[in-house]
Amino acid sequence: MEGKAKVALTFALYQGDQLVRREAIAQDIVKVGKDPRSHLRVDDDLASRMHAVIEVAGPNDITLIDLGNEPGTMVNGQRVNKCKVRPGDQIQIGSTMIHLESAELAGSADAAAAVPPAPVTPQVPPHQMQVNTPTEAIAPQSAPPAANPFQSQSASQPPPAPAANPFAQANPFAAVASPFAAVANPFVASAADQGAGGYAINAPGGSDFDPSQPYTFSLVKSGPDVHPDEVETHAAAIEVIVKWDQNTLHVAHNSPPKSFFVGEEPGADYFVPSEVLGTTRAPVVVARGVSATLVMLPRSTGTVEIPGQGTFTFQDLISGGRARSSSELSGAHEFDLPNNAKARMEVEGTGLVFEVSAVNAGKAVATGVLASFEPAAYAFIGLSFLLHIGIIASMAFFMPSMGSDDAEAIDRDQLLLMQKMLNAAAEREQEEKETEQQPDQNADNKEGGTGTRAKGEEGSMGNPNTKDTNKRYGVQGPADNPDPHIARQAAMKEAQEFGMIGLINVGAGGDPNAPTAPWGRDDSLGNDPLSARGNMWGDSIGDAFGAGGLGLSGVGEGGGGRGEGIGLGNIGTLGHGAGTGTGQGFGNGHGRLGGAHQTKAPSLRQGQTQVNGRLPPEVIQRIVRQNFGRFRLCYENGLRNNPTLSGRVSVKFVIDRSGAVSTAQDGGSELPDQGVISCVVRGFGNLSFPQPEGGIVTVVYPIIFNPGD
């Protein structure tokens with residue numbers, strides 16, 4: 001092709017209707033793209049760095065090849081992969097329209113520069129790009145060197161004779177998506193440059209650097225070799241590298257080993273035109289199990305390097321009988337590659353090179369957030385985490401008192417003491433207030449019963465071994481007995497343990513069915529028709545549930561007083577209240593608690609309480625009486641609307657295992673004011689009792705409201 005005249009192509013680039021610039025290019029292969037080194041640079045966001053190439057064989061033989069990038073290349077409104085173009089055609093890349101205005105023979109470089117570009121955006125010459133290569137990078141060049149077919153010619157330098165296109169009429173990379181498709185190596189000198197003139201240094205930064213001459217990039221070793229165990233596994237793999245001269249076009253690393261085919265048929269691993277291969281599909285390497293078999297293509301030359309045996313040419317292997325005829329491709333030969341063997345195969349007259357290696361598979365690159373962490377880092381982070389958790393736990397365990405000084409602690413103690421005193425005062429006040437049960441129709445119209453409150457810690461009277469309720473105690477004896485008394489506990493114990501002999505020794509002994517006391521006598525004698533261990537108050541004499549004490553409530557053995565008797569006052573010995581009559585209770589009227597009220601204030605009286613469960617009624621009544629204030633408030637709010645409002649409010653509530661009221665509802669109230677009833681029911685729902693034994697307790701508690709006499 002020596003002596004062939006250049007063809008100058010004139011392009012006009014438009015953005016919409018506005019002319020951006022006009023350029024004249026005289027090249028056999030015109031690179032089109034966004035890369036500043038492109039011959040025809042397209043400044044468009046949708047253009048790729050290497051978008052297309054234009055092959056120029058003559059003024060009437062111009063071929064446009066799209067390199068497979070999106071959004072593709074349009075010619076006269078139609079998307080194309082490869083087509084002929086002529087002056088007047090419109091080429092569209094993205095939003096940029098390129099008009100091919102003319103294609104004329106260029107008699108000289110001056111003729112190529114006759115059409116200057118519009119001064120809009122100057123094109124960056126290839127020799128002005130930044131190259132970061134060490135001074136050891138060398139480019140072998142002959143004297144005189146062959147011209148690079150992809151480098152722009154300077155207007156001041158006559159163009160040397162162009163190098164022959166190694167692919168002539170058939171581009172081996174047409175319609176390939178690779179960004180280097182259909183592009184010769186623009187940086188490395190061709191094989192024609194390696195003449196007899198030897199090698200000369202042409203490195204950027206050197207004193208003899210000539211930017212108009214070709215140069216290459218080289219990797220310079222800057223550290224020790226990496227141990228194979230860090231980057232490889234023990235699994236077998238086949239590595240195939242496709243090159244055009246020194247340009248690497250494709251790398252395949254197949255593990256487990258897999259066959260590699262080239263050609264233009266569907267299913268080929270890499271596209272190579274049939275004009276180059278001589279067939280539409282050819283194998284480069286065939287995998288049989290974990291071994292790799294090299295296929296020596298027809299019209300190819302090359303070498304095979306075997307570790308420990310040396311390097312052999314294809315001809316040596318074929319003539320020596322080590323390579324056999326291929327069953328995959330007619331005219332080809334096969335050779336089994338041992339482990340770590342390397343082969344280089346070059347298709348004659350094309351510059352197409354295949355490098356095949358039987359290697360170990362590479363390690364997969366770790367991915368994820370923690371991929372860059374080393375095991376030592378995991379251990380360090382884990383130990384640090386445990387240490388910090390231990391410190392926080394120790395701080396929580398040994399937390400000091402939050403009080404700032406002793407004065408604050410004293411204030412809190414005083415507040416607690418004051419609260420206890422107020423609660424005790426409120427309790428006494430509630431006990432002293434008159435509360436009425438249902439009147440006893442058989443009352444003797446005398447004052448409340450007599451009796452001295454027994455000394456010792458107060459406990460509720462009764463027999464802990466029975467479930468009966470609403471029965472009062474009795475000590476059998478004549479009704480006119482002037483000296484009623486009970487037996488002491490020691491005498492009763494001796495009578496139980498030693499039988500009749502014990503009774504004879506200690507005297508007559510006490511009635512085993514009557515109450516006893518530590519301060520009692522040797523025998524018991526009262527005023528009642530029979531003896532029974534009942535409560536302080538009740539409708540009849542009989543055993544009733546209690547703690548075995550001598551008072552109204554509690555778990556002690558006494559009555560909470562200072563005397564020696566049974567009662568609530570300080571007159572008499574045995575009785576059922578705090579007065580001078582023979583009834584039950586205290587006051588100056590008749591009935592169980594005796595007496596009419598002298599006050600005009602609204603009154604609350606408790607009715608007969610029904611308890612179903614293991615919780616003493618006295619405990620429930622005591623807690624409810626302590627909260628009469630909130631019930632009185634509900635009643636007083638109702639009196640504002642109806643001054644004569646009166647009646648009974650009966651509340652049915654359930655005490656759960658924790659002592660809290662789980663449910664509270666109306667248990668059949670008669671008060672003609674639903675608002676007061678709802679208020680009282682809500683008040684019961686907020687009460688708290690001791691934890692019952694053996695499950696829940698159901699209570700029906702009536703309260704009688706009266707505005708006063």
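Me: In which helix is the place of Leu386?

Reply: Leu386 lies in helix α5, residues 375–397, where a helix is a DSSP run of H or I with at least four residues, numbered from the N terminus. The model is predicted, so local features need pLDDT of at least 70 and side-chain atom pairs count only at pLDDT 80 or more, while totals for chains, interfaces and linings use all residues. Residues are numbered from 1 along each chain as its sequence is written, and side-chain values use heavy atoms, leaving out hydrogens and water.

Me: Why is Leu386 called exposed?

Reply: The relative accessible area of Leu386 is 57%, and exposed means over 50%, buried under 20% and partly exposed in between (1.4 Å probe, protein chains only); Leu386 is therefore exposed.

Me: What makes Cys634 and Cys679 a disulfide?

Reply: Their sulfur atoms are 1.9 Å apart, and a disulfide is a pair of cysteine sulfur atoms within 2.5 Å, so the pair qualifies. Cys634 sits in helix α9 (residues 628–641) and Cys679 in helix α10 (residues 674–685), 45 residues apart, so that distant parts of the chain are linked.

Me: Why is this disulfide called left-handed?

Reply: The torsion about the S-S bond of Cys634 and Cys679 is about -55°, so the disulfide is left-handed.

Me: How do you know whether Cys634 and Cys679 are buried or partly exposed?

Reply: Cys634, at 5% relative accessibility, counts as buried, whereas Cys679, with a relative accessible area of 21%, is partly exposed.

Me: What makes Cys83 buried?

Reply: Cys83 has a relative accessible area of 17% and is therefore buried.

Conventions:
Helix = DSSP H or I, 4+ residues; strand = E, 2+ residues; numbered from the N terminus.
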